[in-house]
Amino acid sequence: MTDGNDKLRGGQGSASPVLECRSVERRFGGIVALNGIDLQINRGEIFGLVGPNGCGKTTLTNAITGFYPPQRGNILLNGNDITGLAPHKVARLGVARTFQNLALFNGMSVLDNILLGRHVHMHASVWRTAGYWWLAQSDETANRAAVEDVIDFLQLESVRDELVDGIPIGLKKRVELARALAAEPSLLILDEPMAGMNQEEKEYMARFILDARDERHVTVLLIEHHMDVITGICDRMLALNYGAMIGAGIPAEVVADPRVVEAYIGGAHAAV
Ligand SMILES: Nc1ncnc2c1ncn2[C@@H]1O[C@H](COP(=O)(O)OP(=O)(O)OP(=O)(O)O)[C@@H](O)[C@H]1O
Ligand SMILES: [Mg+2]
């Protein structure tokens with residue numbers, strides 16, 4: 001797809017890519033979940049990823065974050081090849097994600113769930129704590145401060161001490177975003193952060209994503225079925241179908257592409 005690949009190299013000439021996928025391929029038995037994905041996401045972009053159910057969106061996320069490494073192709077983060085690195089190493093290099101199916105810890109408070117996002121910055125060990133307790137103490141203080149800052153940013157103050165079990169789905173999604181932001185990532189991957197939300201909650205979430213990019217300087221890969229959100233906040237986008245790239249570039253153009261319209265009409269989602 002020469003056209004699409006050109007568009008996916010990005011319009012901002014001076015921008016350096018945070019993420020690059022080169023001919024990424026991932027199979028599960030006979031299923032080709034990703035069939036030669038090429039893309040570049042530049043620093044500061046909000047990059048949309050769309051496609052019908054089962055087209056490979058989450059698999060691409062899992063390939064990038066190390067959960068299901070690609071069998072062919074390469075993934076580069078800030079110019080460094082991270083193909084096949086373990087998930088915890090990818091996380092330490094600055095990639096944070098939210099999960100399509102919420103991955104919060106029930107029985108724990110909102111605050112403690114967000115604190116878990118700080119694990120990539122925690123250095124504590126028994127020996128370090130025993131030998132240098134003041135260092136462990138200052139780590140703890142820094143981590144708490146970072147979490148308080150995210151709680152403030154995402155307006156979660158009123159539920160900070162509540163168990164996550166009992167809060168509504170819209171707030172749960174926001175807590176997941178908070179946990180990811182607490183890691184202070186350079187690349188934030190959001191897998192359907194607005195699923196199950198009403199219009200008002202969607203608008204809030206879209207605003208938080210824009211603010212995260214503008215104020216916290218994260219680059220965002222956003223998987224989303226709501227086309228109004230994609231055209232509203234994404235700089236560029238990629239559409240997949242059956243693991244293949246079928247449309248790439250500026251959102252308004254891609255969503256009008258007959259191949260993309262056809263994929264959506266043929267699938268379970270309406271391109272609204
Ligand atoms: N762990 C796995 N084992 C086997 N097949 C898998 C696995 N993960 C994904 N697949 C298959 O890979 C294809 C792509 O799935 P994926 O979850 O990436 O789709 P998706 O675009 O995220 O869909 P949705 O919109 O429903 O979330 C599907 O055919 C799926 O059944
Ligand atoms: Mg998915």
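Let's start at ligand 1. The residues around this ligand are F28, I31, A33, G51, N53, G54, C55, G56, K57, T58, T59 and Q100. Keep in mind that this is a predicted model.

What kinds of residues make up this shell? Four are nonpolar, seven are polar and one is charged.

Now, where do they come from? Two elements, β2 and α2, each supply at least two residues of the shell. Strand β2 covers residues 31–42. Helix α2 covers residues 57–64. Which of the elements gives the most to the shell? That is α2, with three residues.

Next, strand β3. This strand takes in residues 46–50. Is β3 mostly covered or mostly open? Mostly covered: five of its five residues are buried. Look at the two faces in turn. On one side sit I46, G48 and V50, and they are buried.

Now the partners. Which strands pair with β3? One is β8, residues 219–223. β3 and β8 pair in the parallel sense, over four bridges. To find the spot on screen, go to G48: its bridge partner in β8 is L222.

The other strand to look at is β9, residues 236–241. Four bridges join β9 to β3, and the two strands run parallel. Here, go to F47: its bridge partner in β9 is R236.

To recap. Ligand 1 has a shell to which α2 gives the most.

Conventions:
Residues numbered from 1 in each chain as written. Chains lettered and ligands numbered in written order. Predicted model: local features only at pLDDT ≥ 70, side-chain atom pairs only at ≥ 80, totals over all residues. Near = placed C-beta within 6 Å. Nonpolar A, V, L, I, M, F, W, Y, C, P; charged D, E, K, R; others polar. Buried ≥ 20, exposed ≤ 12 C-beta atoms within 10 Å, placed from the backbone. Pairing = 2+ DSSP bridges.
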